[in-house]
Amino acid sequence: MTRFELQTPFAIALLIALNSSPALAQSAPAPSPSPAPAVPSPPAASAASTIPGDQAQTVIRSLTVTGTERLEPETVLSYIQLRVGGVYSEALADQALKDLYASDLIANASIKNDNGAVTIAVQENPVVNRIILEGNKRLKDEKINPEIKLAPRQIFTRSKVRADVARIVELYKRQGRFAAVVEPKSVSLPQNRVDVVYEITEGPKSKVRQINIIGNEKFSDADLRQQMVTKQSRAFRIFSSATSYDPDRLAYDQQKLRQFYLTQGYADFRVVSAVAELTPDKHDFIITYVVDEGKRYKFGDVTVDSQLRDFDSKRLTKSINIEKGDWYNAKLVEDTVDGLTQTAGLFGYAFADVRPDFDRDKDNLTMNVKFVINEAPRVYVEAINVNGNTLTEDKVIRREFRLAEGDAFNTLAVKRSTARINSLGYFQQNFEVEQTAGSAPDRIVLNANVQEQATGELQVSAGFSSQESFILSGSIRQRNFRGLGQTIGLSADYSSYSHSFTVSFAEPYLFDKNISFGLDVYRRDSNNDYYNDNSTTFSQATTGFQARFGIPISERTSLVGRYTLNWDDVTLDKSTYYSTRLSPTGKPTCDPLLAGRYLCDAVGSRLSSIVGASLVFNSLDNTLRPTRGELYSLNLDVAGLGGSERYAKFRFQADKYKPLGSGFVLQFHGEGGYVKGIGKDVRLTDRFFLGDPQIQGFDIRGIGPRIRREYYTFDSSGNPVKDDNGNYVLSSNSNNSVDDALGGNAYYLARAELHIPLGSGAAEMGLKPSIYINAGSVFDLTKPTLSDTGPKSVFIPATNSSGQALYTQITAATLGSDGTCTTTASTTVTNAINPNPPACLTTNANTALGTTYPAFREVYLGDSAKPRVSVGFGINWNSPFGPFRIDIAKAIVTQPGDDKKLITFNVGTQF
């Protein structure tokens, strides 16, 4: 590997002097070709050539080119002006050498004249075999290679290498690495080929060590630094990209400073200079701003001069939200211009020109502003074009427009159309309807230039809870099925508590009419292991469907009707939780001591026929990713149109999104409901339940009325344990208690959530954090009948399928030498009479079969309308393997019986 070498001016001059001496020229042998340096330097005006001084004006008799390998001699001659029959001179020879070097084909050249026989000896530039990058870790080859113009099989030249080095260094500077050094080297190969190696020393990322501001008197350095995007490098900003030096960001910060001062009334503010100095070690920058704040102005007279016949200047002046005497604020001026432009657009003036004229009174420090609305034609929609959609049909997009071709232009309708198309979720974020001039001054063309994105969703969620243990769910959904805007989905959930399966379909425009239709068919199975003994005590199977239709009432309000038919079957394990203890007929029935009275009441099959309706108001700017607007819904469902269940259920929901600026969005959410039985109590499965995921910080169904079964404790002798006050001691081990949620007839839930923007780097990773506070409760339930066995065990006799009690009867026994009667044979019978007992028995020896259960008592908890409160934060991450959500929430206000949970997460993907 050889370094690139330069021929110094001294060496070139010496070579010219030697060749200019006749004596030396005659005695010195012809120079033999020597290995060319990696990057030869073209000679200066007096190039190294063999041109005797006494033959300066000879006629060229012949031209010979030597040393070529790939080039033809004619190609070399085409680059110079020397020709056979022409006059040879030192000036022409010198120019010929310059022309050869300028061709980038020649590494070294010399010209010799022998009485008109001119010989041109050349050494060709080598051919690049390959380009090699070494030492680059922060920037991969794929990032650097596009900056390298020298390529394999091209002619190698020093100028191209220098240009490539400069581009690589500039690339590192754009990454904030101003200490980066690129050293080019070449490796000579046979056949006049070379490998070009760029050895890169990347160096550290250059940070902004200090930001100095000179000339500020009204605002502190800290206040002004807060307005800048560039931040000073500090330990707590170790993960921030804003601490790196960026010349473009420096210019942007100057604009930010000017904007800040203009909103504070300093209309004459200017940045005198902004200088970024690199420290000697090239590790950091010190930025210095020199500013001139100027005087602070107030608003003077603020008027509107409208040249449009539909607008009254005086009325518009009164509507402006700027008061005379307020401090001047350029942002208010800008907002007023936008507002007047929007107002003009509502009346069809799409190209209304609103210009603020400023009259600055430097003596009184006031700023008079006149908003001039220039004359413009009323505009009509000439055409609506849809571009970029390859899967989605045109009609899916066109039906969301609130304008038709030929309608008068209206900015509000255009804005609403943009919001509706964004809400589809089929296209890029922040889609905007483009407005262009039509074929005439009073014509406008609306263009929907869309970029389709993935509308299929494949989601897999996993979690863990104290009630359901491991939870796994999956779903697949296509929100733009066949490009018609239809939604089709399939979902399944599985856990130790429940599993379900749902197929869904939705058509937003049935038969191309403004009527929506949806259908869900489902099967849900749930169970609960109340005693933690691996046996199922309570199982519910629900099979049904729901069909719904929706019609619009206004632009933002719609009415949805639905019909639901459910078949529910609630069962208990008969072999474990049924007995004849309370059965007058001897037939096994659900025993409250074994299963709980509330579960015995829920057992059975029933058919629910439910008719419902919802009134929905939606003003969200985007249904999938809202940042402003409101969503309200009122829901009423009545069961009783056939079936066995009778109840009325009312629910409401409200959401409001409010942008706070700088990307922050504040969300308020509220919901509640009440269910009332018609002629009978509401069954357990039709009540409201509350917990995760509705309110983080609590377990699934972790809030509301519940029954806790607590067990008495006994000592080693079998006697119940009492405390110092004589009260029986109950087990403090949570694994020895059963906690069953009963739900409630009423509930409410409120949430305030702040969505927090992150820097550009985090945004590119898809990180979207939020913090929130929740408050809610489930309540209003008639207290159920509770069981309490007292401090003694309960014996439940066993029965056969006919309900007859079972006994163990000894049929054979042997009398031992010690007088002990040992059983040798027994059988199970249904009566307590032993007609032929063994001789050694003194009784019939019939023992009742059954099970002895621990002594317990049931406690009713949680039926309180007092709010449960939790606070926490969550992070959404569009990870490489799909969307990921994690929540960490702490319950800070609870009621006895509530079940808490700290962490939840789920993960999925899209296609």
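View 1. Helices (H or I, at least four residues) and strands (E, at least two) are DSSP runs, numbered from the N terminus. This is a predicted model, where local features need pLDDT of at least 70, side-chain atom pairs count only at pLDDT 80 or more, and totals for chains, interfaces and linings use all residues. Residues are numbered from 1 along each chain as its sequence is written, and side-chain values use heavy atoms, with hydrogens and water left out. Of the 911 residues, 41% are buried (under 20% relative accessible area, with a 1.4 Å probe and protein chains only).

View 2. pLDDT is the predictor's confidence in each residue, from 0 to 100. Where pLDDT is low, the predicted coordinates should not be read in detail. For the protein as a whole, the mean pLDDT is 83, and 88% of residues reach 70 or more.

**View 3. A look at helix H4, residues 90-102.** Its 13 residues reach 18 Å from first C-alpha to last, close to the 18 Å expected at 1.5 Å a residue (that is, 1.5 Å times one less than the number of residues). Asp104, which follows H4, has a positive phi, near 65 degrees.

**View 4. The buried residues of H4 and what covers them.** Among the buried ones are Ala93, Leu97 and Tyr101. Their cover includes helix H3 (73-77), strand E2 (106-114) and strand E3 (117-124).

Key. Buried < 20%, exposed > 50% of the residue type's maximum accessible area, 1.4 Å probe, protein only. Contact = heavy atoms within 4.5 Å.
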